[in-house]
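Trainee: I would like a close look at one part of this model. Please take me through it step by step.

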Amino acid sequence: MTAPTGETAGRGWDGATRAEVVSLPMNRPCGQNLLQMMHQVAALDPSPVRSGLTGVHVPFDVLTASTNYEAAAAAAVTSTARLAVIGPSGSGKTSFIGHVMDALAHTHGVGQGVAALRIPVDAEDPAVVTEPAAFAAHVVRTVARLASSQGRIPQRQARQHRMAAGAVTRARQRGASVTAGVPTWLAHGDLAAQLQSVTTSVHTPTGAELSELADTVVATLTAAGLYPVLVIDDSDTWLAGTVADRSSNVAPFFGRVLPAVARDWNAGLVVAVHESYLTMPEYPRRDGWLNTEVRLPRLSGADAVGLLLAARASATTHQPAGVGDVAGPEGLANLHADYIAGPGSVRQMMSLAHTALTVALDGGSAQRLEGAHVAAARASL
Ligand SMILES: Nc1ncnc2c1ncn2[C@@H]1O[C@H](COP(=O)(O)OP(=O)(O)O)[C@@H](O)[C@H]1O
Ligand SMILES: [Mg+2]
């Protein structure tokens with residue numbers, strides 16, 4: 001099957017591109033006012049759940065002025081490839097995958113969309129990530145839960161979903177962001193009800209019934225003109241040497257469970273891979289079923305850090321922001337230097353900026369994050 005292709009390249013946060021950022025309104029919030037607003041909503045808190053901001057992903061394509069990342073991943077997904085998104089912890093894998101799948105859901109109209117089925121694996125029963133049948137059952141349960149949650153979402157959100165699923169115009173789609181983990185494609189016709197009746201038809205399915213169920217789930221989505229893609233964005237946390245060492249999951253998950261998924265599910269696959277898995281002999285790099293890799297890049301300079309901070313300023317104030325609005329040149333350089341010296345974790349860099357913001361506001365008169373604020377924040381960690 002060939003999935004639809006779509007354009008996602010060059011879309012930044014809220015659709016802005018690097019070029020568009022040049023034209024900034026003169027009266028946008030700046031200086032201490034901006035810092036205070038950002039502090040109030042914890043805009044630099046690296047946990048998006050805590051900050052509550054959405055739309056803060058700055059595409060790596062924008063950061064690197066290339067089409068090697070989001071655009072390449074979107075092209076791979078729409079051409080039915082199975083994609084591994086590779087990087088160290090905190091490098092942006094979850095953020096990247098969310099952005100790519102969101103953009104694909106919004107780029108296509110009803111009857112030609114990508115249906116991203118996000119399957120959590122991190123906090124699941126070990127059997128789910130080591131036994132193909134348990135994983136398949138988990139996928140079916142996850143779809144059932146999604147389908148039933150569609151009926152419970154508030155009216156206003158349901159309306160937004162229908163609008164996004166209708167994909168009328170790009171401007172209208174922008175306002176209709178996906179929230180609460182219920183994907184827009186579920187608003188399509190009576191798909192949620194259909195999926196619910198499929199997934200609840202068998203209570204404790206046997207192996208054969210399970211693969212039949214998997215087929216029916218896929219067929220239901222395909223009949224609605226949707227291309228199902230299993231999205232596993234938290235499979236990168238089973239590291240050796242950590243407190244909760246679950247590295248023994250890597251071999252069965254990548255060696256047995258995912259190959260079975262590739263064989264049994266007529267669906268796409270996007271999976272987060274910690275870069276250190278690549279050196280494990282169990283990681284099936286050359287088996288062919290995980291046939292495309294996107295390795296996230298390192299942020300190449302202070303300018304890239306400025307763009308990340310500007311996206312968060314923009315999400316806070318709902319106005320475009322400039323690269324230098326949040327931090328001055330030395331502040332950006334210090335943040336970038338710390339990032340480069342470390343493992344390449346955007347999360348860690350953002351956390352340092354978050355602390356630096358508190359330091360700057362505690363000082364009383366700061367207009368932007370300066371080098372000294374970042375240095376003091378660094379020293380306090
Ligand atoms: N390209 C990006 N644009 C904006 N924020 C990013 C980007 N990449 C990473 N982040 C931020 O860095 C933090 C860690 O990213 P995350 O996607 O959770 O990393 P990973 O999944 O690789 O551990 C999050 O707060 C995320 O929002
Ligand atoms: Mg992640």
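In which loop is H318 found?

Mentor: H318 is found in the loop between helix 13 and helix 14. Keep in mind that this is a predicted model. Start with the backbone of H318. Its phi is near 60°, a positive value in a residue other than glycine. Most residues other than glycine have a negative phi. Next, ask how H318 sits. H318 has 9 other C-beta atoms within 10 Å, and 12 or fewer count as exposed, so H318 is exposed.

Now look at the helices on either side of that loop. Helix 13 covers residues 302–317. Helix 14 covers residues 329–341. Take helix 13 first. Helix 13 supplies at least two residues of the shell around ligand 1. In total, 19 residues surround ligand 1. The closest are G92, K93, T94, S95 and R347. Sort the shell by class and you get nine nonpolar, eight polar and two charged residues. The shell also draws on two domains. At least three residues come from domain 1 (6–58 + 300–380), and at least three from domain 2 (69–295).

Then turn to helix 14. Helix 14 packs with helix 15 at an angle of about 145°. Their axes are 9 Å apart. The crossing of helix 14 and helix 15 is right-handed. From helix 14, L335, D338 and Y339 make the contact. From helix 15, the partners are M349, L352 and A353. By class, the residues of this contact are five nonpolar, no polar and one charged.

A65 lies in the loop between helix 3 (60–64) and helix 4 (70–78). A65 is exposed, because 9 other C-beta atoms lie within 10 Å, and the cut-off is 12 or fewer.

Finally, step back to the whole chain. The protein chain has 16 helices and five strands. Of its 381 residues, 45% count as buried. Consider contacts with a separation of 6 or more. In the protein chain, residues 24 or more positions apart account for 76% of them.

H318 is in the loop between helix 13 and helix 14, and H318 is exposed.

Note on methods: Residues numbered from 1 in each chain as written. Chains lettered and ligands numbered in written order. Predicted model: local features only at pLDDT ≥ 70, side-chain atom pairs only at ≥ 80, totals over all residues. Helix = DSSP H or I, 4+ residues; strand = E, 2+ residues; numbered from the N terminus. Buried ≥ 20, exposed ≤ 12 C-beta atoms within 10 Å, placed from the backbone. Contact = placed C-beta atoms within 7 Å. Near = placed C-beta within 6 Å. Nonpolar A, V, L, I, M, F, W, Y, C, P; charged D, E, K, R; others polar. Domains from an automatic or database assignment. Axes fitted to C-alpha atoms, helices over the stretch in contact; angles between N-to-C directions. Left-handed = near helix turned anticlockwise from the far one by under 90°.
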